[in-house]
Amino acid sequence: MKVLVNILAAIILIVTIVVGKMYWDHQTSAEASNTAAKESSSTNSASKAASGNWEDYAENLPKSVKAKLKEANASGKPMKLLIVGSQATSTDSKGWPAMLKETVNNTYGSLVDVNVLEYKDTTTLDFVRNQDYKDIVKEKPDVLLFEPFLLNDNGVVGITNTLDNLQVIMSHVTEADKDLVTILQPSQPIYNASNYPKEAEALGDFAKENGYEYVNHWSTWPDYKSDKILDYLVEKQRIPTPKGNKAWASYLEEYFTAS
(Lines give C-alpha, C1' and ligand atoms only; values in the text may rest on other atoms or scores of the structure.)
Protein backbone atom coordinates (compact mmCIF):
# COMPACT_ATOMS: atom_id res chain seq x y z
CA MET A 1 0.00 0.00 0.00
CA LYS A 2 2.86 2.32 0.92
CA VAL A 3 4.55 1.60 -2.40
CA LEU A 4 1.32 2.46 -4.27
CA VAL A 5 1.05 5.75 -2.42
CA ASN A 6 4.65 6.61 -3.29
CA ILE A 7 4.08 5.76 -6.94
CA LEU A 8 0.93 7.91 -7.00
CA ALA A 9 2.78 10.80 -5.37
CA ALA A 10 5.57 10.49 -7.92
CA ILE A 11 3.08 10.57 -10.78
CA ILE A 12 1.39 13.68 -9.35
CA LEU A 13 4.77 15.37 -8.97
CA ILE A 14 5.75 14.62 -12.56
CA VAL A 15 2.38 15.86 -13.88
CA THR A 16 2.72 19.04 -11.82
CA ILE A 17 6.22 19.69 -13.20
CA VAL A 18 5.09 19.05 -16.79
CA VAL A 19 2.01 21.28 -16.49
CA GLY A 20 4.06 24.01 -14.83
CA LYS A 21 6.63 23.85 -17.61
CA MET A 22 3.92 24.08 -20.27
CA TYR A 23 2.35 27.11 -18.54
CA TRP A 24 5.74 28.82 -18.23
CA ASP A 25 6.52 28.21 -21.90
CA HIS A 26 3.12 29.61 -22.88
CA GLN A 27 3.56 32.77 -20.78
CA THR A 28 7.09 33.33 -22.06
CA SER A 29 5.91 32.88 -25.63
CA ALA A 30 3.01 35.33 -25.11
CA GLU A 31 5.27 37.97 -23.58
CA ALA A 32 7.78 37.56 -26.39
CA SER A 33 4.98 37.91 -28.92
CA ASN A 34 3.66 41.08 -27.26
CA THR A 35 7.14 42.58 -27.12
CA ALA A 36 7.72 41.77 -30.78
CA ALA A 37 4.37 43.31 -31.70
CA LYS A 38 5.21 46.51 -29.83
CA GLU A 39 8.64 46.69 -31.44
CA SER A 40 7.09 46.08 -34.84
CA SER A 41 4.52 48.82 -34.21
CA SER A 42 7.26 51.26 -33.19
CA THR A 43 9.30 50.31 -36.24
CA ASN A 44 6.31 50.78 -38.54
CA SER A 45 5.51 54.15 -36.95
CA ALA A 46 9.06 55.33 -37.40
CA SER A 47 9.20 54.04 -40.97
CA LYS A 48 6.19 56.10 -41.98
CA ALA A 49 8.05 59.34 -41.43
CA ALA A 50 11.39 57.94 -42.57
CA SER A 51 10.06 56.62 -45.86
CA GLY A 52 8.64 60.03 -46.76
CA ASN A 53 5.13 58.74 -47.47
CA TRP A 54 3.46 61.19 -45.11
CA GLU A 55 1.28 62.36 -48.00
CA ASP A 56 -0.64 59.07 -47.81
CA TYR A 57 -1.88 60.06 -44.37
CA ALA A 58 -2.60 63.71 -45.16
CA GLU A 59 -5.35 63.09 -47.70
CA ASN A 60 -8.07 64.71 -45.58
CA LEU A 61 -6.05 67.78 -44.66
CA PRO A 62 -6.43 71.15 -46.41
CA LYS A 63 -3.72 72.31 -48.80
CA SER A 64 -2.48 74.84 -46.26
CA VAL A 65 -1.63 72.11 -43.73
CA LYS A 66 -0.14 69.85 -46.40
CA ALA A 67 2.14 72.74 -47.36
CA LYS A 68 3.29 72.99 -43.75
CA LEU A 69 4.01 69.26 -43.67
CA LYS A 70 5.92 69.45 -46.95
CA GLU A 71 8.01 72.30 -45.57
CA ALA A 72 8.70 70.35 -42.38
CA ASN A 73 9.72 67.29 -44.38
CA ALA A 74 12.12 69.35 -46.48
CA SER A 75 13.66 71.34 -43.63
CA GLY A 76 13.77 68.63 -40.98
CA LYS A 77 12.09 71.06 -38.58
CA PRO A 78 8.80 69.62 -37.25
CA MET A 79 5.47 71.25 -37.94
CA LYS A 80 4.13 72.59 -34.64
CA LEU A 81 0.49 71.69 -34.02
CA LEU A 82 -0.96 73.56 -31.05
CA ILE A 83 -4.29 72.42 -29.56
CA VAL A 84 -6.09 75.05 -27.47
CA GLY A 85 -9.44 74.95 -25.70
CA SER A 86 -11.52 74.65 -22.56
CA GLN A 87 -11.62 71.98 -19.86
CA ALA A 88 -13.06 69.67 -22.54
CA THR A 89 -9.78 70.03 -24.44
CA SER A 90 -7.99 68.48 -21.51
CA THR A 91 -4.27 67.98 -20.97
CA ASP A 92 -5.16 64.79 -19.06
CA SER A 93 -3.49 61.65 -20.40
CA LYS A 94 -6.91 60.13 -21.12
CA GLY A 95 -8.36 63.16 -22.91
CA TRP A 96 -8.95 63.32 -26.65
CA PRO A 97 -5.94 65.60 -27.25
CA ALA A 98 -3.63 62.92 -25.79
CA MET A 99 -5.30 60.30 -28.01
CA LEU A 100 -4.87 62.50 -31.07
CA LYS A 101 -1.28 63.32 -30.16
CA GLU A 102 -0.41 59.63 -29.91
CA THR A 103 -1.98 58.87 -33.28
CA VAL A 104 -0.28 61.83 -34.96
CA ASN A 105 3.09 60.86 -33.46
CA ASN A 106 2.67 57.24 -34.54
CA THR A 107 1.75 58.35 -38.05
CA TYR A 108 4.09 61.25 -38.76
CA GLY A 109 6.87 60.57 -36.28
CA SER A 110 9.21 63.54 -35.82
CA LEU A 111 7.51 65.40 -38.67
CA VAL A 112 4.89 66.87 -36.31
CA ASP A 113 5.25 68.27 -32.78
CA VAL A 114 1.98 68.43 -30.81
CA ASN A 115 1.32 70.56 -27.73
CA VAL A 116 -1.87 71.29 -25.75
CA LEU A 117 -3.02 74.35 -23.80
CA GLU A 118 -6.09 73.88 -21.57
CA TYR A 119 -8.09 76.75 -20.01
CA LYS A 120 -10.57 75.41 -17.47
CA ASP A 121 -13.93 77.18 -17.10
CA THR A 122 -12.74 79.99 -19.36
CA THR A 123 -14.94 82.02 -21.71
CA THR A 124 -13.84 83.97 -24.77
CA LEU A 125 -14.32 87.15 -22.70
CA ASP A 126 -11.97 85.79 -20.00
CA PHE A 127 -9.47 84.83 -22.67
CA VAL A 128 -9.45 88.35 -24.08
CA ARG A 129 -9.38 90.14 -20.71
CA ASN A 130 -6.55 87.94 -19.42
CA GLN A 131 -4.70 88.29 -22.73
CA ASP A 132 -4.31 84.53 -22.80
CA TYR A 133 -3.91 84.75 -26.57
CA LYS A 134 -0.31 85.71 -25.79
CA ASP A 135 0.23 82.07 -24.77
CA ILE A 136 -0.59 81.03 -28.33
CA VAL A 137 1.77 83.63 -29.75
CA LYS A 138 4.59 82.41 -27.47
CA GLU A 139 4.16 78.84 -28.71
CA LYS A 140 4.72 79.96 -32.31
CA PRO A 141 2.56 77.20 -33.83
CA ASP A 142 2.42 76.41 -37.51
CA VAL A 143 -1.11 75.03 -37.14
CA LEU A 144 -3.61 76.01 -34.44
CA LEU A 145 -6.50 73.66 -33.58
CA PHE A 146 -8.77 75.90 -31.51
CA GLU A 147 -11.92 75.04 -29.54
CA PRO A 148 -12.93 78.62 -28.67
CA PHE A 149 -14.93 77.99 -25.47
CA LEU A 150 -18.25 77.81 -27.29
CA LEU A 151 -20.00 75.78 -24.57
CA ASN A 152 -18.56 77.86 -21.73
CA ASP A 153 -19.86 80.97 -23.51
CA ASN A 154 -23.31 79.44 -24.04
CA GLY A 155 -25.91 81.31 -21.98
CA VAL A 156 -23.20 83.53 -20.48
CA VAL A 157 -21.51 85.55 -23.22
CA GLY A 158 -23.86 85.15 -26.18
CA ILE A 159 -22.86 84.07 -29.66
CA THR A 160 -22.53 87.60 -31.06
CA ASN A 161 -20.08 88.54 -28.32
CA THR A 162 -18.37 85.15 -28.65
CA LEU A 163 -17.59 85.80 -32.31
CA ASP A 164 -16.51 89.37 -31.58
CA ASN A 165 -14.15 88.09 -28.88
CA LEU A 166 -12.87 85.41 -31.22
CA GLN A 167 -12.18 88.07 -33.81
CA VAL A 168 -10.08 89.96 -31.26
CA ILE A 169 -8.22 86.81 -30.24
CA MET A 170 -7.41 85.84 -33.81
CA SER A 171 -6.37 89.37 -34.76
CA HIS A 172 -3.66 89.25 -32.09
CA VAL A 173 -2.58 85.74 -33.03
CA THR A 174 -2.44 86.29 -36.79
CA GLU A 175 -0.73 89.65 -36.36
CA ALA A 176 2.16 87.73 -34.82
CA ASP A 177 2.15 85.10 -37.58
CA LYS A 178 0.32 85.77 -40.81
CA ASP A 179 1.22 82.30 -42.12
CA LEU A 180 -0.51 80.51 -39.24
CA VAL A 181 -3.10 77.93 -40.29
CA THR A 182 -6.09 78.01 -37.93
CA ILE A 183 -8.60 75.18 -37.59
CA LEU A 184 -11.67 75.99 -35.50
CA GLN A 185 -13.93 73.39 -33.92
CA PRO A 186 -16.97 73.52 -31.62
CA SER A 187 -17.01 72.28 -28.06
CA GLN A 188 -18.79 68.99 -27.36
CA PRO A 189 -22.51 68.61 -28.14
CA ILE A 190 -24.89 68.55 -25.16
CA TYR A 191 -28.20 66.84 -24.54
CA ASN A 192 -31.35 68.29 -26.06
CA ALA A 193 -29.89 71.76 -26.60
CA SER A 194 -31.85 74.41 -28.47
CA ASN A 195 -29.69 77.50 -29.10
CA TYR A 196 -26.32 75.81 -28.75
CA PRO A 197 -26.42 73.90 -32.07
CA LYS A 198 -27.20 77.18 -33.82
CA GLU A 199 -24.15 78.71 -32.14
CA ALA A 200 -22.01 75.86 -33.50
CA GLU A 201 -23.37 76.62 -36.98
CA ALA A 202 -22.56 80.30 -36.46
CA LEU A 203 -18.98 79.35 -35.55
CA GLY A 204 -18.75 77.37 -38.78
CA ASP A 205 -20.01 80.36 -40.75
CA PHE A 206 -17.51 82.59 -38.96
CA ALA A 207 -14.68 80.25 -39.95
CA LYS A 208 -15.75 80.21 -43.59
CA GLU A 209 -16.16 83.99 -43.77
CA ASN A 210 -12.75 84.63 -42.24
CA GLY A 211 -10.74 82.02 -44.10
CA TYR A 212 -10.28 79.52 -41.28
CA GLU A 213 -10.70 75.78 -41.51
CA TYR A 214 -13.64 74.31 -39.60
CA VAL A 215 -14.01 70.73 -38.38
CA ASN A 216 -17.24 69.55 -36.77
CA HIS A 217 -16.66 66.39 -34.75
CA TRP A 218 -20.34 66.16 -33.71
CA SER A 219 -20.92 63.60 -36.46
CA THR A 220 -19.09 60.95 -34.41
CA TRP A 221 -21.23 61.57 -31.30
CA PRO A 222 -24.76 60.26 -30.69
CA ASP A 223 -27.59 62.59 -31.75
CA TYR A 224 -27.70 65.38 -29.17
CA LYS A 225 -31.47 64.92 -28.96
CA SER A 226 -30.99 61.32 -27.82
CA ASP A 227 -30.37 60.47 -24.17
CA LYS A 228 -27.56 58.19 -25.37
CA ILE A 229 -25.32 61.23 -25.45
CA LEU A 230 -25.52 61.46 -21.65
CA ASP A 231 -23.13 58.47 -21.50
CA TYR A 232 -20.58 60.66 -23.28
CA LEU A 233 -20.64 63.60 -20.86
CA VAL A 234 -20.05 64.28 -17.15
CA GLU A 235 -20.00 67.21 -14.71
CA LYS A 236 -23.07 68.99 -16.07
CA GLN A 237 -21.97 68.02 -19.58
CA ARG A 238 -18.86 70.20 -19.33
CA ILE A 239 -16.40 67.32 -19.73
CA PRO A 240 -16.46 64.26 -22.02
CA THR A 241 -16.44 60.77 -20.53
CA PRO A 242 -14.05 58.16 -21.98
CA LYS A 243 -16.71 57.51 -24.63
CA GLY A 244 -16.92 61.20 -25.42
CA ASN A 245 -13.15 61.59 -25.65
CA LYS A 246 -12.98 58.58 -27.94
CA ALA A 247 -15.72 59.96 -30.19
CA TRP A 248 -14.02 63.35 -30.40
CA ALA A 249 -10.59 61.83 -31.00
CA SER A 250 -11.83 59.42 -33.67
CA TYR A 251 -13.07 62.27 -35.85
CA LEU A 252 -9.83 64.22 -35.59
CA GLU A 253 -7.69 61.10 -36.09
CA GLU A 254 -9.48 60.48 -39.37
CA TYR A 255 -9.03 64.13 -40.30
CA PHE A 256 -5.32 64.34 -39.50
CA THR A 257 -4.16 60.83 -40.48
CA ALA A 258 -6.83 59.42 -42.84
CA SER A 259 -7.04 56.36 -40.61
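Rings of Phe, Tyr and Trp, the last taken by its six-membered ring, count as an aromatic pair if their centres lie within 6.5 Å. In this predicted model, a search of the whole structure finds twelve aromatic pairs. A pair of aromatic rings is described by the distance of the centres and the angle of the planes.

One of the pairs is formed by Phe146 and Phe149, whose ring centres are 5.9 Å apart and whose planes stand at 85° to each other. This pair is edge-to-face, because planes over 60 degrees apart are classed in that way. Phe146 is buried, with a relative accessible area of 0%. Phe149 is likewise buried, and its relative accessible area is 0%.

Another pair consists of Tyr196 and Trp218, with a distance of 5.4 Å centre to centre and an angle of 45° between the planes, and is tilted. This pair links distant parts of the chain, since Tyr196 belongs to helix α8 (residues 196-209) and Trp218 to the loop between β5 (213-214) and β6 (233-234), 22 residues apart. Tyr196 has a relative accessible area of 2% and is buried. For Trp218 the relative accessible area is 15%; Trp218 therefore counts as buried, the limit being under 20%.

Aromatic residues also form a cluster, made up of Trp96, Trp221, Tyr232 and Trp248. Two residues of this cluster, Trp96 and Trp248, also take part in the contact between helices α3 and α9.

Two packed helices are described by the angle between their axes and the distance between the axes. Helix α3 (residues 96-108) packs against helix α9 (residues 242-257) at an angle of about 30°, and their axes are 8 Å apart. Helix α3 is therefore roughly parallel to α9, because angles under 35 degrees fall in that class. The crossing of the two helices is right-handed. On the side of α3, the contact is made by Trp96, Met99, Leu100, Thr103, Val104, Thr107 and Tyr108. Helix α9 contributes Asn245, Lys246, Trp248, Ala249, Leu252, Glu253, Phe256 and Thr257. By type, the residues of this contact divide into nine nonpolar, four polar and two charged.

Leu166 lies in helix α7 (residues 159-176). With a relative accessibility of 0%, Leu166 is buried. Leaving aside residues up to four places away in sequence, Leu166 touches Phe146, Pro148, Leu184, Leu203 and Phe206. Phe146 is thus both a neighbour of Leu166 and a member of the edge-to-face pair with Phe149. Between the C-alpha atoms of Leu166 and Phe127, which are 39 residues apart along the chain, the separation is 9.2 Å.

How values were computed. Residues numbered from 1 in each chain as written. Predicted model: local features only at pLDDT ≥ 70, side-chain atom pairs only at ≥ 80, totals over all residues. Heavy atoms only, no water. Axes fitted to C-alpha atoms, helices over the stretch in contact; angles between N-to-C directions. Helix = DSSP H or I, 4+ residues; strand = E, 2+ residues; numbered from the N terminus. Parallel < 35°, antiparallel > 145°, perpendicular 65-115°, else oblique. Left-handed = near helix turned anticlockwise from the far one by under 90°. Contact = heavy atoms within 4.5 Å. Nonpolar A, V, L, I, M, F, W, Y, C, P; charged D, E, K, R; others polar. Phe/Tyr/Trp six-rings, centres within 6.5 Å; stacked < 30°, edge-to-face > 60°. Buried < 20%, exposed > 50% of the residue type's maximum accessible area, 1.4 Å probe, protein only.
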